[in-house]
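Subject: Structure for your review

Hello,

Here is the structure, followed by a note on what was found in it. Please read the note with the model open beside it.

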Amino acid sequence: MSEKRIGIVMHGVTGRMGMNQHLIRSVLEIRRQGGVALKDGTRLVPDPLLVGRNAAKVEELARRHGVSRWTTDLDGALKSKDDTVFFDAASTQLRPKLVRLAIAAGKHIYCEKPVSTTLASATALYAAAKKARVKHGVVQDKLWLPGLLKLQKLKAQGFFGRILSVRGEFGYWVFEGDQGNGQPAAQRPSWNYRKQDGGGIILDMLCHWRYVLDNLFGEVRAVSCLGATHIPSRWDENGRKYKATADDAAYATFQLAGGVVAHFNSSWDVRVRRDDLLTLQVDGTQGSAVAGLRKCFFQSYEATPKPVWNPDIPQPIDFFDGWNEAPDENYDNAFKAQWELFLKHVAGEGAFRWNLLEGAKGVQLAELGLKSWKQRKWLDVPKLRS
């Protein structure tokens with residue numbers, strides 16, 4: 001069995017998401033399993049080059065995980081003829097400039113979302129990649145989560161009948177970070193809560209909800225969104241208090257193709273009393289399902305209870321009865337699954353529809369969500385030209 005190397009310039013992998021999900025659980029795991037199998041039997045093996053501004057951090061990361069190549073010289077890395085793919089998981093504000101540099105260098109592009117903070121910049125990246133004829137993809141990991149894959153399977157089987165609505169609950173309590181008063185350290189970076197640094201939950205999460213809704217339930221046609229900054233002050237990584245200028249909660253309703261109504265509550269100021277950090281409830285004429293990140297429970301029309309409103313007695317129905325759990329299958333890490341598809345695509349095997357245009361659609365919805373909040377009105381979501 002022959003092997004074929006594919007060099008990947010990986011930028012932004014000293015951060016939590018880039019390091020854990022993309023480097024360790026995706027690229028290095030693909031290397032550990034001997035690469036990705038191509039149709040001719042060749043194994044496509046990724047060879048990462050880690051890039052970052054802090055030499056000590058990048059060197060330590062490379063040493064700890066047995067990666068032989070690292071550098072602080074991004075320009076030099078992009079000039080390398082040995083590396084054909086550029087991946088970015090750094091902050092959103094930096095991404096457009098970095099991706100443009102990589103496109104100009106002839107690299108295939110794979111990056112985190114949001115791809116930009118504005119629709120104009122996001123569509124410009126797509127146009128540049130298309131003109132340069134490089135291959136490109138955007139991380140849309142939730143489509144490969146076990147819970148959502150189970151939802152897709154139920155839908156494909158016609159379980160729901162006509163889908164009526166989708167309800168999403170996402171979030172958890174992100175600590176303010178005032179360790180001087182005995183609080184735990186914040187579990188998200190401080191720039192997430194500064195608008196001037198590209199932060200905000202609307203920009204972050206509406207990009208996710210766009211691809212989830214478009215791919216699973218129907219194209220998003222209109223949006224109404226209300227944002228909020230519930231926690232006005234937080235403490236940064238150096239223990240300094242700062243003003244939170246970005247929205248930390250969003251309450252958004254969407255109209256989808258086919259008449260489906262979707263509503264998502266997204267918050268970093270909520271305490272979890274539900275099955276998971278993200279839950280989706282799908283209600284249809286013939287059945288309903290509730291999915292988390294990994295589990296999915298469903299209830300058919302025949303098993304639906306018949307409640308009667310009577311607040312004067314204890315509720316006689318256990319509403320958690322009558323639900324069945326969808327079985328597990330051989331699910332892989334969601335990020336790794338998409339990485340493998342993209343690497344195959346770069347090698348000439350298979351289309352890859354989760355590209356920079358799809359990333360731009362997420363930015364479009366976030367931009368319209370922010371505009372809807374400001375104008376306090378419903379807004380249509382125009383189609384983006386390919």
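**Charges over rings**

The charged end of Arg194 is placed over the ring of Tyr242, at 4.9 Å from the ring's centre. Arg271 likewise lies over the face of Trp173, 4.0 Å from the ring centre. A charge sits over a ring here if NZ of Lys or CZ of Arg is within 6 Å of the ring centre and within 35 degrees of the ring normal.

**Basis of the values**

This is a predicted model, in which local features need pLDDT of at least 70 and side-chain atom pairs count only at pLDDT 80 or more, while totals for chains, interfaces and linings use all residues. Residues are numbered from 1 along each chain as its sequence is written, and side-chain values use heavy atoms, with hydrogens and water left out.

**Overall shape**

The chain has 9 helices and 18 strands; helices (H or I, at least four residues) and strands (E, at least two) are DSSP runs, numbered from the N terminus. For 386 residues, a compact globule would have a radius of gyration near 21 Å, and the 22 Å of the chain agrees with that. That radius is taken over C-alpha atoms, and the globule rule is 2.2 Å times the number of residues to the power 0.38. The C-alpha trace spans about 70 × 55 × 40 Å along its principal axes. Of the 386 residues, 53% are buried. Buried means under 20% relative accessible area, exposed over 50%, and partly exposed in between (1.4 Å probe, protein chains only).

An open sheet of mixed pairing is formed by 9 strands, in the order E17-E16-E15-E14-E8-E13-E12-E9-E18. Its edge strands, E17 (324-325) and E18 (379-380), each pair on one side only. Two strands pair if DSSP finds at least two bridges between them. Strands E15 (residues 287-291) and E16 (residues 296-300) run antiparallel and are joined by 5 bridges. Ala291 stands opposite Cys296 in E16.

Helix H7 covers residues 201-216, and its 16 residues should span 22 Å at 1.5 Å a residue; the end C-alpha atoms are 22 Å apart, which agrees. The expected span is 1.5 Å times one less than the number of residues. H7 is mostly covered, with 15 of its 16 residues buried. After H7 comes Gly218, which has a positive phi near 145°.

**Aromatic pairs**

How many aromatic pairs are there? The count comes to 15, where rings of Phe, Tyr and Trp (its six-membered ring) pair if their centres lie within 6.5 Å; planes under 30 degrees apart count as stacked, over 60 as edge-to-face and the rest as tilted. Tyr110 and Trp339 form an edge-to-face pair, because their ring planes are at 75°, with the centres 4.7 Å apart. This pair links distant parts of the chain: Tyr110 is in strand E6 (residues 108-111) and Trp339 in helix H8 (residues 334-346), 229 residues apart. Tyr110 is buried, at 0% relative accessible area, and Trp339 also counts as buried at 0%.

Phe254 and Phe264 are edge-to-face as well, since their planes are at 70°; the centres lie 6.2 Å apart. Phe254 is in strand E12 (residues 249-256) and Phe264 in strand E13 (residues 261-267), so this pair ties together parts 10 residues apart in sequence. Both Phe254 and Phe264 are buried. Ring pairs also link Phe87, Tyr110, Trp144, Trp339, Phe342, Phe352 and Trp354 into a cluster.

**Salt bridges**

There are 26 salt bridges, each a side-chain nitrogen of Lys or Arg within 4 Å of a carboxyl oxygen of Asp or Glu. Arg69 forms one with Asp47, the closest N and O atoms being 3.6 Å apart. Arg69 is in the loop between helix H2 (55-64) and strand E4 (70-71), and Asp47 is in strand E3 (residues 43-51), 22 residues apart. Asp47 counts as buried at 16% relative accessibility.

Glu112 and Lys113 meet in a salt bridge of 2.6 Å, N to O, and both Glu112 and Lys113 are buried.

In the bridge between Arg167 and Asp283, the closest N and O atoms are 2.9 Å apart. Arg167 is in strand E8 (residues 163-171) and Asp283 in strand E14 (residues 278-284), so the pair ties together parts 116 residues apart in sequence. Is Arg167 buried or partly exposed? At 46% relative accessibility, Arg167 counts as partly exposed, whereas Asp283, at 14%, counts as buried. Salt bridges that share partners also join Arg5, Asp47, Arg69 and Asp83 into one network.

Regards
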